[in-house]
Amino acid sequence: MAERFHRGGRLFTFGNGGAATDAQHIAVEFVHPVIVGKRALPALSLTGDIATVTGVGAMRGFGDIFAHQLRYFAGADDIALGISPDGRCDDVLRGLRTARELGLLTVALLGGDGGEIARGPLADHAVVVRSDDPRVVKEVHVTTYHVLWELVHVFLEQPGVLAPEVIA
Amino acid sequence: MSEMQQLYPFLYSGSSDLEAVMAEVRSSTVEKANEIVALRQSVLAADEQRLVACAAEMAEAFRGGGRLFTFGNGGSSTDAQDVAALFLNPGGDARPLPALALTTDVAVVTALSNDIGFEVVFARQLGAFGRRGDIALGLSTSGNSANLIRAFEEAMKRGMLTVGLAGHTGGQMAELEGLDHLFVVPSSSVHRNQEAQTTLYHVLWELTQYAL
């Protein structure tokens with residue numbers, strides 16, 4: 001993720017219900033860091049524009065709300081981060097699939113057994129919280145993305161470890 | 001030294017040896033995971049009975065036809081929305097309850113901010129919607145957000161049940177006279193605070209469902 005940001009990439013986040021609020025929380029962490037002096041990084045939650053979400057949903061079906069936005073707004077250098085507490089959200093799955101086709105780095109925060117999303121080759125990085133309680137899954141997700149945010153900055157400040165062959 | 005330097009002293013020593021960096025971030029991540037578990041345990045030890053009492057009063061308010069209004073800024077605004085979504089549309093066999101986050105209508109939020117000031121964005125909405133018997137639930141990591149303080153003052157004036165989630169020392173929220181319930185997460189880390197608050201409101205929701 002740090003490598004993508006380093007090259008000018010942007011982060012797109014998405015999820016349904018409670019996970020939509022996590023998507024927005026992640027975006028604000030990156031855009032407006034809580035630690036003074038940290039760089040603002042470009043991040044946008046695809047759940048925030050209610051005109052787009054309801055518009056795409058009504059015209060193209062709810063399953064396309066994230067994929068559509070990625071198709072027309074994202075580029076190959078960007079990052080897609082989808083959140084699905086049971087790994088079975090169709091729109092999140094389709095968002096990740098589209099992102100992968102476009103060449104984005106794909107990250108998934110999942111729960112339960114990881115569902116379809118963990119099984120398909122959709123996410124470059126999948127974090128699966130092995131609990132069937134969506135509340136417990138969310139609580140672990142919050143810590144996970146707080147740590148992810150912090151680690152992105154750690155690596156951004158270490159250009160020496162950002163070379164692609166090192167990251168791989 | 002910045003907070004990031006304190007957390008990752010190695011990274012500022014000038015070396016870029018990947019293995020050492022990875023070892024450092026691995027141990028700091030484990031430390032954070034342990035920290036949040038310990039924090040949740042200390043919140044439970046301190047607030048268990050108060051959580052049960054708060055949920056009983058929230059259930060009573062819902063039983064009387066009350067509605068829940070939630071609010072917060074930044075990351076806490078997303079928690080406010082999560083709380084409202086959880087009460088209104090919990091899924092499974094849980095009972096849906098009337099709840100609204102005061103952070104989501106951007107026309108209202110920008111109109112109030114532009115015309116009057118950001119400190120009234122929640123208070124004015126409670127002025128319009130709030131009735132005796134409703135519930136006002138606000139989340140802040142510092143406890144010092146001016147718009148939360150104003151909202152709680154408005155809610156108390158209207159006879160609403162008031163519930164606050166704050167962090168660190170509780171800030172100005174801890175000094176508010178008449179706040180019915182205040183839960184303070186005793187950590188100076190904004191992130192650990194939000195994580196523990198997530199558990200706090202999940203528990204409040206579960207206990208409210210149970211009481212109903």
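Helix axes here are lines fitted to C-alpha atoms over the stretch in contact, and angles run from 0 to 180 degrees between N-to-C directions. The model is predicted, with local features needing pLDDT of at least 70, side-chain atom pairs counting only at pLDDT 80 or more, and totals for chains, interfaces and linings using all residues; side-chain values use heavy atoms, with hydrogens and water left out. Residues are numbered from 1 along each chain as its sequence is written, while chains are lettered from A and ligands numbered from 1 in the order in which they are written.

Along the sequence, the elements of chain B follow the pattern α-α-β-α-β-α-α-β-α-β-β-α. The C-alpha trace of chain B spans about 60 × 45 × 35 Å along its principal axes. Of the 212 residues in chain B, 50% count as buried, where buried means under 20% relative accessible area, exposed means over 50%, and partly exposed lies in between (1.4 Å probe, protein chains only). Contacts are heavy atoms within 4.5 Å. Among the contacts in chain B with a separation of 6 or more, 66% come from residues 24 or more positions apart.

Now to helix 5 of chain B, residues 121-129, in which Val121(B), Phe122(B), Ala123(B), Gln125(B) and Leu126(B) are buried. The cover over these buried residues includes strand 1 (68-72), helix 4 (106-115), strand 3 (135-139) and helix 6 (146-157) of chain B. How do helix 5 and helix 6 of chain B lie, roughly parallel or roughly antiparallel? Their axes come within 7 Å and cross at roughly 20 degrees, so the two helices are roughly parallel to each other. For such labels, angles under 35 degrees count as roughly parallel, over 145 as roughly antiparallel, 65 to 115 as roughly perpendicular and the rest as oblique. On the helix 5 side, Val121(B), Phe122(B), Ala123(B), Leu126(B) and Gly127(B) meet Asn147(B), Leu148(B), Arg150(B), Ala151(B), Glu154(B) and Ala155(B) of helix 6. The residues of this contact divide into 7 nonpolar, 2 polar and 2 charged; Ala, Val, Leu, Ile, Met, Phe, Trp, Tyr, Cys and Pro count as nonpolar, Asp, Glu, Lys and Arg as charged, and the others, Gly among them, as polar.

Strand 1 of chain B holds Thr70(B), which counts as buried at 0% relative accessibility. Leaving aside neighbours within four places in sequence, Thr70(B) is in contact with Ala80(B), Gln81(B), Val83(B), Ala84(B), Leu100(B), Ala101(B), Leu102(B) and Leu137(B).

The loop between strand 4 and strand 5 of chain B contains His168(B), which has a positive phi of about 65 degrees although it is not a glycine. Most residues other than glycine have a negative phi. His168(B) is partly exposed, with a relative accessible area of 45%. Ala174(B) is found in the loop between strand 4 (161-167) and strand 5 (181-185) of chain B and is partly exposed at 42%. Not counting residues up to four places away in sequence, Ala174(B) touches Thr169(B) and Leu182(B).

In chain A, helix 4 (residues 65-73) and helix 5 (residues 90-102) pack at an angle of about 20 degrees, with their axes 7 Å apart, and are therefore roughly parallel to each other. Their crossing is right-handed.

What about the two chains together? The contact takes 27 residues from chain A and 33 residues from chain B. The area buried between chain A and chain B is about 2,700 Å², of which carbon and sulfur atoms give 64%; buried area is the accessible area (1.4 Å probe) that two parts lose on being put together, summed over both. Helix 2 (residues 18-31) of chain A and helix 3 (residues 75-88) of chain B pack at about 175 degrees, with their axes 9 Å apart, and are therefore roughly antiparallel to each other.

Key: Helix = DSSP H or I, 4+ residues; strand = E, 2+ residues; numbered from the N terminus. Left-handed = near helix turned anticlockwise from the far one by under 90°.
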